[in-house]
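Here are some friendly notes to read alongside the coordinates. They go through a few helix contacts and then some loop residues.

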Amino acid sequence: MHERVLEALKSAGALKTGHFLLASGRHSNQYVEKFDLLRQPTETVIACGGFAEQFRDAGIDVVAGPTTGGIILAFETARQLGVNAAYAERATDGASGREFRRGTTFAPGSRVLVVDDILTTGGSVRETLAALEKHDVEVVAVGVLVDRSGGKTTFPGVPLFSLVQLDIETWEAADCPLCAAGDPVVKPGTTTTISL
Ligand SMILES: [Zn+2]
């Protein structure tokens, strides 16, 4: 199944190669553009099938995900599991973090699967877990489409399941071999697709 998910990412053109300035400020020669996948419903259905297959017998009541990519994955995974979805949005009152808005309720003791797209530092997942702590629910697991943290990002007490693991090398600008070669760095945008 995970091979199928990797194939879906590849056929969607979501795996890029080039010289990228990442959100962290570090440079890399690879980048995953999750929205190249999420714009393609057929490929996104395949990817969510990886979550549904893994958690089919886990007694999941609700699939929750953070905006923006996570809510698309939560919706489709919930559809495949035949349960409801919940969406962790940014807090509106200027506070940091996320919350379940628009009248979201959870039946007491609901078993929740949290899904998100790309795992790097895990900030959006941590905010979703914090938002769930305000409800009487049990978080069963966190599922991510791509773990590109190299196994460094974990969530205490909650099992992490990743459909695809990518070990993407990154460098500080001063140590970047692509910079040293005079290759101009770009924010992720127009690039070519890599084959893994
Ligand atoms: Zn560089």
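**Notes on helix packing and loops**

1. Let me start with threonine 68, which sits in the loop between β3 (62-66) and α4. Please bear in mind that this is a predicted model. The peptide bond that joins threonine 67 to threonine 68 is cis, with omega at about -5°. If you are setting up a calculation, that is a bond to look at by eye.

2. Now to helix α4 (residues 69-81) and its partner, helix α3 (residues 41-55): their axes come within 9 Å and cross at roughly 55°. How are α3 and α4 oriented to each other? An angle of 65 to 115 degrees would count as roughly perpendicular and one under 35 as roughly parallel, so α3 and α4 are oblique. The crossing in which α3 passes α4 is right-handed.

3. On the α3 side, that contact is made by Thr44, Val45, Cys48, Gly49, Phe51, Ala52 and Phe55. The α4 side supplies Ile72, Leu73, Glu76, Thr77, Gln80 and Leu81. Sorted by class, the residues where α3 meets α4 are eight nonpolar, four polar and one charged.

4. A word on α3 itself. Its 15 residues reach 21 Å from the first C-alpha to the last, close to the 21 Å expected at 1.5 Å a residue. Which residues of α3 are buried? They are Glu43, Thr44, Ile46, Ala47, Cys48, Gly50, Phe51, Ala52 and Phe55. These buried residues pack against the helices α1 (2-11), α2 (34-38) and α4, and also against the strands β6 (110-119), β7 (137-147) and β8 (160-165).

5. The axes of α1 and α3 come within 9 Å and cross at roughly 155°. Angles over 145 degrees count as roughly antiparallel, which is why α1 and α3 are described that way. The crossing of these two helices, α1 and α3, is left-handed.

6. Which residues meet where α1 contacts α3? From α1 come His2, Arg4, Val5, Ala8 and Ser11, and from α3 come Glu43, Ile46, Ala47 and Gly50. By class, the contact of α1 with α3 holds four nonpolar, three polar and two charged residues.

7. Next, the loop between β1 (15-21) and β2 (27-32), where serine 24 is placed. Is serine 24 buried or exposed? Serine 24 has 11 other C-beta atoms within 10 Å, and 12 or fewer is the cut-off for exposed, so serine 24 is exposed. Its C-alpha is separated by 26 Å from that of alanine 74, which is 50 residues apart from serine 24 along the chain.

8. Arginine 26 is also found in the loop between β1 and β2. Arginine 26 is partly exposed because it has 15 other C-beta atoms within 10 Å, a count between the cut-offs of 12 and 20. Leaving aside residues up to four places away in sequence, arginine 26 touches Thr170, Trp171 and Glu172. The C-alpha atoms of arginine 26 and phenylalanine 55 are separated by 35 Å, and the two residues are 29 residues apart along the chain.

9. Last, arginine 102, in the loop between β5 (98-100) and β6. Arginine 102 has a positive phi of about 60°, although it is not a glycine. With 6 C-beta neighbours inside 10 Å, arginine 102 counts as exposed.

Terms used
Residues numbered from 1 in each chain as written. Predicted model: local features only at pLDDT ≥ 70, side-chain atom pairs only at ≥ 80, totals over all residues. Axes fitted to C-alpha atoms, helices over the stretch in contact; angles between N-to-C directions. Helix = DSSP H or I, 4+ residues; strand = E, 2+ residues; numbered from the N terminus. Left-handed = near helix turned anticlockwise from the far one by under 90°. Contact = placed C-beta atoms within 7 Å. Nonpolar A, V, L, I, M, F, W, Y, C, P; charged D, E, K, R; others polar. Expected span 1.5 Å × (residues − 1).
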